[in-house]
Each structure stands twice: as C-alpha cells, then as structure tokens.
Amino acid sequence: MSQPFAPAPRSLGRDALVDELSRYLRPPGQGIHAVSTGRAELARQTAAYLGPSWNPEEPWRAHLARALDSLGAESTPVAMWAIPSDTGAGIVRGAARGPEAIRAGLGQAPVVDLGDVFSIPQLLDEAMLAESQRHRCQDALWPDLPEARRRQLMVSPMGMAARARALLLEAVPGLRLMTLGGDHTVSGPVLAPLLEAESAESRLDLGIVHFDAHTDLLPSRLGIDLCFATWAYHANVALGGGERMIQLGIRASGRGRSHWEADLDVRQLWGDECEGVPGGELAARVVEHLRARGVTRVYLSNDIDGTDAHWAAACGTPEPGGLRPEQVEAVIRGVGASFDVIGADLVELAPGLSLDVEASRRSVETAVRYTRESLAALAGESSPKSSE
C-alpha cells in the first residue's frame, strides 16, 4: 500500500506489544484530551458504558491485556474501537464526538471495546510532522520511557491507528474490528494492515462496500495524501481495482460516474439510481456484482452522509437525495449473509453540527442502527431473510 497509510510493522513480544498498545489506546470515550470537569465527564461515560467489567482503579494496560486474551479465545473474534479524530475533515469539524454519542446510544458495550486511539487534535499523520515536532510530542506523551524508545512511537492519530491495528492483528489473528470515527480519514489506517499483510494475488477475493455521498477518490487534496477525500483512492489502488470497490449513494461529485468507473476501475450506484429501490433488491445487486468478481471477503465502510440528510443531518456535509436507512441496513445484512465481513466502520457522525435537536437525535439513532447491523455482519449473524 502507498505511504499515506501505515508505518512498517515491528514484531514484538507479548508484554511489549500490550505495553505499546496501551500507550496508543485509551479507555473507551477517553481518546479526546480533556481537563478538569471535562475529564471527569468522560470517565463517567466510560464507567457507564463498560459497566461491571470496568475498574477505574485498575491499570488500563491490565484491562487491555485481559480483553486481548478473551478475544484470542474466540473462534470469531469481534471487537470495537474508536478513532476520535476529525483533523482530516475538509469542510467543518465535529466528528470527533461521534463515537461517544454512538456508545451512549448502544447502552453497555455490545462486544469487547478496545477503547480509543488517543488523538492530539492538532495532528493527523506522521508524514505531515517535522522531526522536531514529533520529538516534542513523544516527550510530552511518554516521559517515563527512555528517549530511544520514545523515538520509535507514533504520535499522530493516523500513525497510532495504523500501528495499533497492526499490533492487534498480531495479538489476535483474524480479529474483526468495528471502527467508530472520526472523519473518513480513519478508514485508511484501519484498512492498511489488512491490505499490506497479504500479497496482491491473495487480495483478489477482497472487496470494499462503501456508502457515501462523495467518492473520496482523489489521489491528494490540496497536497495532502491522506485525508477524508483520498482514503478510498489509496485503498482501491492497494486492492488492485477490478471493480471490487463498490460505492453506494454517491451524489456530490465534481465528475460523473463514467469518469470514476473508467479511470479508477470502481463500481458506483449513485443516489438517484437507488431512489425507490427496495432494500433487498439493492442488496442483491451489490452481492451479485461482488460475487461475479470473485469476492469472498468484504470490508464495510459507512460514511453516514451516504444516507439522506433527513436521517443524517448531523455530519460535516449532509446531502439530500441519499440512501434510506432501511436500504443501508439491507445491504449490510445482505453482504454479511453472503460474504466473510472482515472489518467495518461508521464515520462522520457529528452530533453537535446540527442545530436542530430532533435532526441530531435522528442522526445518532441512524448511526447506532448501522453499528449494530455491522457488528452482526462481523460476527456472521446476518441472515438472507433479514435482507428483504
């Protein structure tokens, strides 16, 4: 995969692996740096969400090690985490607060929750940082470590996420992870270890189902290689094209469908094509397309603005004319019933961006519905009947 995504992996022993993970990950809801009363409120939310499994007096490292052990004992390990970073957004920010709203809507954790990638809000990716800045952040974050060790660690949310995802795959081979964003940049470092871990030939059965109002297929945006508008380009390149990335709900693009399909070898179903199509029928189209291309494994990437603005107004770029929630859910179910879903994400929910309280509530409810459906698909619990 191209450089915008991931640092080269370093294999570690178990103790060192858990130690490094615990430095990148914070308890659920605590990846946003807060002080004073804000920190206390985040801690309260963590306790309510994790319930009896959470002991705030216990070191986070011990809790994380126990979570990895439990996942390693499962035949189909499914977990969740969040990357509360919206520095890669290009219009307005607010998606960093999406994960806490989704978790609140879920109630107590439905699966093992591995916490939040810690996000310094001024940073995005390692490649954007001068060496002196990286050193200052390393020194501020990990003063307990020897300098030589500090210099090996990531400091940006995307760098931390890519490294943490690689470590999680090493600790729990076959782990299926539900990622809560954050802006759509976060899909890049989550996908990177999945794609880089295999040869190009062994990826020929892998597909990506992408819900979005926008294509996200720019090679760069204003000179930035990895951001909300470019992650899909780099993922598709690593995938090898072949129309194994299918995008649904596209309707806000400077170029037409023919350009993207011809030049980048993707498949698109635009919003107007999906209008009025029953969810089961839309799911069948997606499944048929991917099967015809030899796909057996799928990654689901769900930008909430792929859904019509009536149900998804609380995001950075709400767009009318999008998918209905029942269509999105049907596609997730259909894909889950037909393929091995190896990862999923839900991104761009920004509860504070809608001044309409009711519209914000609908948006959060929509995101929670999608998260539950995606978790079921990851666990192999989707059924063809539920896709009708």
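Helices (H or I, at least four residues) and strands (E, at least two) are DSSP runs, numbered from the N terminus. Residues are numbered from 1 along each chain as its sequence is written. This is a predicted model, in which local features need pLDDT of at least 70, side-chain atom pairs count only at pLDDT 80 or more, and totals for chains, interfaces and linings use all residues, while side-chain values use heavy atoms, with hydrogens and water left out.

**Stop 1**

Select Val92, in the loop between β2 (78-83) and α4 (98-106). Val92 is partly exposed, its relative accessible area being 42%; buried means under 20%, exposed over 50%, and partly exposed in between (1.4 Å probe, protein chains only).

**Stop 2**

Side chains of opposite charge can pair when their charged atoms come close. A salt bridge here is a side-chain nitrogen of Lys or Arg within 4 Å of a carboxyl oxygen of Asp or Glu, and the structure holds 28 salt bridges.

Select Glu41 and Arg44, whose side chains meet in a salt bridge with an N to O distance of 2.7 Å. Both lie in helix α2 (residues 36-50), three residues apart, so about one helical turn separates them. Glu41 is partly exposed at 33% relative accessible area, and Arg44 is partly exposed at 49%.

**Stop 2: a pair between two helices**

Go on to Arg257 and Glu273, a salt bridge with its closest N and O atoms 2.5 Å apart. Arg257 belongs to helix α10 (residues 257-264) and Glu273 to helix α11 (residues 271-274), so this pair ties together parts that are 16 residues apart in sequence. Arg257 has a relative accessible area of 25% and is partly exposed; Glu273, at 29%, is partly exposed.

**Stop 3**

Select Arg324 and Glu326, which form a salt bridge whose closest N and O atoms are 2.8 Å apart. Arg324 is partly exposed, with 24% relative accessible area, and Glu326 is partly exposed, with 39%.
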